[in-house]
Amino acid sequence: MIRALVFDLDDTLFPEREFVTSGFEAVDAWLRQSKSITGFLEAGIAAFNAGTRGTIFNAVLNRLGVSDKEELILQMVEVYRNHVPKIHLFEDAASALGHYAGRKQLALLTDGYLRVQQRKVVALGIAHRFSAMVFSDEGGRGAWKPSPAPYRRLMNSLQRPGDECVYVGDNPAKDFVTAKALGWHTVRVVREAGEYSLSLSPESHQADVTIHSLEELQNSIPD
């Protein structure tokens, strides 16, 4: 019987694009005020929508005719990571967290830079919803999914064996393969605008169940 419902964060409980836009707004304001550089927000969003990842700050500065010196890039990254996010839960996520409160142990397991993920949780106001929260970066980059370390930490915190846990995430490259190896049940939520909505994966990395809204969880996870 499933007793613990563990959620991923980005694009599972809230739209990651909101965080990106929020971060770009903060960088844009900083560039205008500190460097008299304009146009970053619009160019940044356009580059993100076009699929640019990893080197997006360099690409946008080049497009604006600004030298992408390492010092400037590092400053932009710090502004992006340290800004106060303007983000909101998906409606179906808020509904699911409310529905399962008191019915299951709820927990969070998320990858990403520690202070960034912590700020997201604070901005969403959801910490009180969870019996346990594991930020994989607390164990260093090597403890990010698909490392078994964060999954084992949650099992210890919740005092549950794997077959009593279900992981709900969105990224088939890393979310489910280890969870399944530890005996967890797995559910992938595929959102229309999700970062990994079109991602393919081998059978070993696929979730047991695929849904398109957390409202469908009740079909897979009875109260």
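**Sheet.** I began with strands E2 and E3, which run parallel and are joined by four bridges. Helices (H or I, at least four residues) and strands (E, at least two) are DSSP runs, numbered from the N terminus. Strands of a sheet pair through backbone hydrogen bonds, either parallel or antiparallel.

Before going on, I wrote down that this is a predicted model, in which local features need pLDDT of at least 70 and side-chain atom pairs count only at pLDDT 80 or more, while totals for chains, interfaces and linings use all residues. Residues are numbered from 1 along each chain as its sequence is written, and side-chain values use heavy atoms, with hydrogens and water left out.

I then traced the open sheet of six strands, and its order is E3-E2-E1-E4-E5-E6 with parallel pairing. Two strands count as paired if DSSP finds at least two bridges between them. E3 and E6 are the edge strands, since each pairs on one side only. From one strand to the next, the twist averages 20°. Axes are lines fitted to C-alpha atoms, for helices over the stretch in contact, and angles run from 0 to 180 degrees between N-to-C directions.

**Helix H6.** I found H6 lying across E2 and E3, at about 145° to E3. Contact means heavy atoms within 4.5 Å. Which residues of H6 are buried? They are Val-116, Gln-117, Lys-120, Val-121 and Leu-124. They cover an arc of only 140° around the axis, which puts them on the same side of H6. Buried means under 20% relative accessible area, exposed over 50%, and partly exposed in between (1.4 Å probe, protein chains only). The arc is that of the directions from the helix axis to the C-beta atoms. Among the elements covering these residues are H1, H4, E2 and E3. Just after H6, Gly-125 has a positive phi of about 65°.

**Helix H4.** I checked the length of H4 (residues 70-82) next: at 1.5 Å a residue its 13 residues should span 18 Å, and its end C-alpha atoms are 18 Å apart, which agrees. The expected span is 1.5 Å times one less than the number of residues. I listed Leu-72, Ile-73, Met-76, Val-79 and Tyr-80 as the buried residues of H4. Seen down the axis, they fall within an arc of 125°, so they line one face of the helix. Glu-70 and Glu-71, on the other side of H4, are exposed. The cover over the buried residues includes H1, H2 and H3.

**Rings.** I searched the whole structure and got 10 aromatic pairs. Rings of Phe, Tyr and Trp (its six-membered ring) pair if their centres lie within 6.5 Å; planes under 30 degrees apart count as stacked, over 60 as edge-to-face and the rest as tilted. Phe-19 and Tyr-80 have ring centres 5.4 Å apart and planes at 80°, so this pair is edge-to-face. Phe-19 is in H1 and Tyr-80 in H4, so the pair ties together parts 61 residues apart in sequence. Tyr-80 counts as buried at 17% relative accessibility. Phe-24 and Tyr-80 form a tilted pair, 6.0 Å centre to centre with 45° between the planes.
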